[in-house]
Amino acid sequence: MAPRLIEVRQPRQNDLIGQEFVIAGFGTGFEAVVLWRVLDDNGQPLGNGNIQGAGSMGVIHDFGNTVALGNTPARGTHVTLQVFGDDPSGIHPPGPDLNIIPVTLFTSLQGFKLYEIKSGDNLTKIAQQEGQNTTADDIFEANRDRITNPNLIFPGQVFRIPLLA
């Protein structure tokens with residue numbers, strides 16, 4: 001098995017991202033460039049671009065770049081970030097060392113808080129007390145990897161509370 005030459009460390013699977021976010025990791029790419037794109041749940045691109053400063057000629061370097069999506073309004077939308085090497089031949093799109101990272105997009109994301117559930121909590125109460133322009137649905141979508149039913153939350157669970165502009 002060949003070693004991976006591109007690996008993304010941020011964002012991680014199920015992280016929250018905003019309209020601008022950082023892609024960081026290590027890798028090597030054709031002319032020191034690694035490519036990225038964000039796809040909606042229908043596989044349509046919401047944004048794409050390149051990350052400068054990766055290694056080249058098989059030499060692996062750390063990279064970290066802030067990237068920006070277009071003006072696609074999204075609130076708790078589950079999308080896929082792809083990060084990969086260039087395939088100039090076009091034979092194996094999107095390219096080598098494909099990283100597929102499911103993330104949740106809030107284009108107005110300012111940040112998030114971590115909140116530990118206490119007895120008597122519900123998502124509406126948490127959104128009102130801990131959030132910023134946050135709804136119960138926002139908390140549910142931000143934590144789909146941790147919540148299967150928004151009416152069944154348990155003390156001790158730790159949720160991300162999105163803070164929105």
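Ala-32 sits in the loop between strand 3 and strand 4; strands here are DSSP E runs of at least two residues, helices are H or I runs of at least four, and both are numbered from the N terminus. This is a predicted model, in which local features need pLDDT of at least 70, side-chain atom pairs count only at pLDDT 80 or more, and totals for chains, interfaces and linings use all residues. Residues are numbered from 1 along each chain as its sequence is written, and side-chain values use heavy atoms, with hydrogens and water left out.

Ala-32 is not a glycine, yet its phi is positive, about 65°. Ala-32 is also buried, at a relative accessible area of 18%. Buried means under 20% relative accessible area, exposed over 50%, and partly exposed in between, with a 1.4 Å probe and protein chains only.

Asp-97, in the loop between strand 7 and strand 8, has a positive phi of about 55° and is not a glycine either. Its relative accessible area is 18%, so Asp-97 counts as buried. For background, most residues other than glycine have a negative phi, and most peptide bonds are trans. The bond from Gln-10 to Pro-11 is cis, with omega near -5°. Pro-11 belongs to the loop between strand 1 and strand 2 (16–17).

Next, Asn-99, which is in strand 8. What does its side chain make a polar contact with? The partner is the side chain of Arg-4, at 3.0 Å. A polar contact is a pair of N or O atoms within 3.5 Å; within protein, one must be able to donate a hydrogen and the other to accept it, and residues adjacent in sequence count only if both atoms are side-chain atoms. A polar atom of the Asn-99 side chain also lies 2.8 Å from the backbone oxygen of Asp-97. Asn-99 is buried, with a relative accessible area of 9%.

Now the cores. A nonpolar core is a set of buried Ala, Val, Leu, Ile, Met, Phe, Trp, Tyr and Cys residues joined through side-chain atoms within 4.5 Å. The largest has 21 residues, and Phe-21, Ile-23, Trp-36, Val-38, Leu-81 and Val-83 touch the most other members. Strands supplying at least two residues each include strand 3 (20–27), strand 4 (33–39) and strand 7 (75–84). A second, separate core has 11 residues, among them Leu-123, Ala-127, Ile-139 and Ile-153.

Overall, the chain has two helices and 10 strands, and buried residues are 42% of its 165 residues.
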